[in-house]
Amino acid sequence: MTQGTIFKIKRYALHDGPGIRTTVFFKGCPLSCRWCHNPEGIDPRPVSMVKASPEGAVHETVGEVMEVAELVTAIEKDQLFYDESGGGVTFSGGEPLAQPRFLEAVLDACNRRDIHAALDTSGFAPAAVLDRLLPRLQLVLFDLKIMDADLHRKYTGVSNESIIENLNRIDGGLTPWRLRIPLIPGMTDTQTNLEQIARFAAGLKSIQGIDLLPFHRIASGKYRRLGLADPMAGIDPPSPDHVAAIKDRFESTGFDVSIGG
Ligand SMILES: C[S@@+](CC[C@H](N)C(=O)[O-])C[C@H]1O[C@@H](n2cnc3c(N)ncnc32)[C@H](O)[C@@H]1O
Ligand code: SF4
């Protein structure tokens, strides 16, 4: 039996793809982005978080091992909503590509049920994993964080070499995809990085659009609950005007650009 580890299933999501969606968060990620808003999803094993309750602080375990059939049952519960809204399921995390066999089995089940399946990914995976999974996906939301290899390593912990290779791979294929750029002040959101991304994006062929994801601070409480220091303490979200100017910049070169995705 193929099993996977999941840390959240969010129903009635209106982001991360068209229509009403269920977002499934896969546990485990080979990156460790300094700004990650899902720090509880990085360790592949279940982790302990402190939760406030009427009885005081209690520990809860985040992360659950699931069978393919169990997850598919949870996903198909809302098939009526997907069908009526043009929605479906989005696999996010953590990094879904870090559990490729489990993801493949769940995708096969979704494909058999005609459930639209989207992948939210850092793109950090062996090319063979991507090649196997792309034909099973109806949409890929592919993050591009930092073009400079050294800065990418500094802020995410890994090289971006395989990510760029995989971007070029998906761009030559048939699976619909959008580029996602998190706007993190001083890290991804610098003039140099955005210019480098714009130059790279100008050469892409099958890209359907760009989603800008402005930095937000929803994770600060999560770091506290994990017993960790917030690595982004003191950093504010970018202003709406600044984000609008970046949107204009990408739109002026012909891209369909959304804020928030
Ligand atoms: C948590 S990640 C999971 C999927 C995959 N690991 C990735 O990075 O694309 C989902 C999305 O949230 C974005 N993100 C993470 N932390 C963020 C933050 N603090 N503010 C805004 N976007 C953030 C990522 O860039 C990514 O597009
Ligand atoms: S790749 Fe995604 S899940 Fe992994 S650390 Fe970065 S933002 Fe978080």
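A residue is called buried here if 20 or more other C-beta atoms lie within 10 Å of its own, with C-beta atoms placed from the backbone.

First, the ground rules. This is a predicted model, where local features need pLDDT of at least 70, side-chain atom pairs count only at pLDDT 80 or more, and totals for chains, interfaces and linings use all residues. Residues are numbered from 1 along each chain as its sequence is written, and chains are lettered from A and ligands numbered from 1 in the order in which they are written.

Helices (H or I, at least four residues) and strands (E, at least two) are DSSP runs, numbered from the N terminus. Helix α1 spans residues 68-76, and its buried residues are Val 68, Leu 71, Val 72 and Ile 75. Viewed along the axis of α1, the directions to their C-beta atoms fall within an arc of 100°, so these residues line one face of the helix. Their cover includes β1, β2, β5, β6 and α3, counting contacts as C-beta atoms within 7 Å.

Now the strands. β3 (residues 47-53) pairs with β4 (residues 56-62), antiparallel, over seven bridges; pairing takes at least two bridges found by DSSP. A hairpin of two residues joins β3 to β4, and Ala 52 has Ala 57 in β4 as its bridge partner.

Last, ligand 1. Around it are 18 residues, of which His 37, Ser 122, Asp 143, Pro 182 and Leu 213 come nearest; the cut-off is a C-beta atom within 6 Å. β6, β7 and β9 each supply at least two residues of that shell.

Methods: Buried ≥ 20, exposed ≤ 12 C-beta atoms within 10 Å, placed from the backbone. Contact = placed C-beta atoms within 7 Å.
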